[in-house]
Amino acid sequence: MMRNIQTNSHRHSAYRQTWLDLTERKAELKDADSKLYTLRHEIQMWNESLKMSKNLDETYIGQYLLTLFDVAGPPVLLLMGASLLHVVALSLPWIAYQFTFCTDHSADMEYNYFLWVPFLVWTTLTTFIEWRCFSYIVVPMLAWTKTYYVVSWPLSFRLWLPCMLLAGFIYRMDVWAQGLALAKAWRSHDYLGHEELEDAWAKAWNASVFSWFQPGAQLRLTAGLAWACLALQWFIYFLRVIPFSPTPINVSYACGAERKGYVVPFCCAHIWHADALKTLASLTLMPMVLANQRRYSVQRAQWKLVAGEGLNRDFFHILKMDVRIMTWDILFRNLLITCAKLQVQTSLLALQFHMQQKHAESTGEVSQMSLFSEHWNACISIAIAHMSSAMAFISAINDFVDLRRVRSKERKDRGKKMDADAWNEYKKLAFWERLGWSVLALQFILQSLALAKLWMAFHCKHALWNFSAAMQSWNMVDGCVPF
């Protein structure tokens, strides 16, 4: 009997030990299941991040990708030299003024066509610098974006390169034509009937929506307004890239240098060479360097999410830095410079039409087609300005649409897990994005107004037309300025 009791005791101890082992194993399995769930979640996050980053080439997954931070130093130094070449273009109106003359019995001004020779030298040197800068950044750009795009269409390099060279040529030709047009406007003051020309301009200005700005009634002052914006852009953009410190600093422009960035005078902002690269490329009109910049920023920001959910702040910070540069560009290039230039050039062309029609009323030989044939160079200059403005507008619209899509998707997917820093960067990004949309809306309105002025210059009796008068009766013809 004692043996049975001992046997049952051992068996009970064995059962108890087995139960304890099973309980411990169950806890281990539960812990393993929790870890497996966490692992699955992490794998899902990785897959989402890789999907958002457009499935980067498998060659680079898990490896370090070159970024603009690694290569932007030497191009920034080259672009500073190109920006000094840009000063030569800024001095064009004063040089061209010396070689511009009045034609007989006409308010039209002519310039010597050899003034286009310096343009060929300037654009050749700028294109050479642009190619050198592109040779530095092409590897990291292709590593992140895999191909180059024109707006939203991927193109082979053989097709993409001529498109970028042509775009750069058009942008620079637009600036040069604007300088020549300004020289012609200044020279019009030497025209024998310039008082009559000034009076016609003042009457058209006082009938416009800008009549409250009385200095605008002076033709020479208004003509130089767009060029003043161009000079202001050069000054501000230089303040946005020049290192500044109360103590002497030695900034290196080698590859991989200044990874911690530096402070610049404009708003005491903290930037890196990659930011200075975009700013100077925009200033010097280099579409080859600016190509794919927005896609690169989106890819790099989304790649940050691969490391985990705590990097939302970096995601929004990278996009905020990019959209801030884009907004400054469209504010100066698209709105202040291009739209002001279109308004001035179109008004000057209408004034030339008006004066020529007035002097030829007695003969009755001036038709709309003869007006175009005699002012073809001014019409071509305006057409180039509209083309470059439309190209910049479409490109900016495409960039902002993609940025809004990416920002909204990130907030929807991870909004509940974002910390205070991430929300702060998100709000800054949203502010700059909304500001950019507002500037683009103003550009669309002003460029449409310039197109309407150009159209009505061929249909108004005296060629001059104002939007405010037309809107009072909702009739385009009623906007024609009477004389």
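Which residues of α10 are buried? In the predicted model, the buried residues of this helix are His273, Ala274, Asp275, Ala276, Leu277, Lys278, Thr279, Leu280, Ala281, Ser282 and Leu283. After α10 comes Leu285, which has a positive phi, near 60°.

Leu283 and Leu285 also take part in the surroundings of His86, a residue of helix α3 (residues 73–90). When neighbours within four places in sequence are left aside, His86 is in contact with Trp122, Trp234, Leu283, Thr284 and Leu285. The relative accessible area of His86 is 2%; because this value is under the 20% cut-off, the residue is classed as buried.

A further feature is the packing of helix α5 against helix α12. In general, two packed helices are described by the angle between their axes and the distance between the axes. For α5 (residues 116–145) and α12 (residues 293–304), the axes come within 9 Å and cross at roughly 60°. The arrangement of α5 relative to α12 is therefore oblique. The crossing of these two helices is left-handed. On the α5 side, the contact is made by Ile137, Met141, Trp144 and Thr145; α12 contributes Gln293, Arg295, Tyr296, Gln299, Arg300 and Trp303. Classified by residue type, this contact of α5 with α12 comprises five nonpolar, three polar and two charged residues. Trp122, one of the residues in contact with His86, falls within the range of α5, residues 116–145.

At the level of the whole protein, the model contains 17 helices and six strands. The protein has 483 residues, of which 51% count as buried. Among contacts between residues at least 6 apart in sequence, 75% join residues at least 24 apart.

Confidence in the prediction is summarised by an average pLDDT of 76 for the protein, with 73% of the residues scoring at least 70. Over residues 49–62, the pLDDT is below 50.

Conventions: Residues are numbered from 1 along each chain as its sequence is written. This is a predicted model: local features need pLDDT of at least 70, side-chain atom pairs count only at pLDDT 80 or more; totals for chains, interfaces and linings use all residues. Side-chain values use heavy atoms; hydrogens and water are left out. Axes are lines fitted to C-alpha atoms, for helices over the stretch in contact, and angles run from 0 to 180 degrees between N-to-C directions. Helices (H or I, at least four residues) and strands (E, at least two) are DSSP runs, numbered from the N terminus. Angles under 35 degrees count as roughly parallel, over 145 as roughly antiparallel, 65 to 115 as roughly perpendicular and the rest as oblique. A crossing is left-handed if the near helix is turned anticlockwise from the far one by less than a right angle, and right-handed if clockwise. Contact means heavy atoms within 4.5 Å. Ala, Val, Leu, Ile, Met, Phe, Trp, Tyr, Cys and Pro count as nonpolar, Asp, Glu, Lys and Arg as charged, and the others, Gly among them, as polar. pLDDT is the predictor's confidence in each residue, from 0 to 100. Buried means under 20% relative accessible area, exposed over 50%, partly exposed in between (1.4 Å probe, protein chains only).
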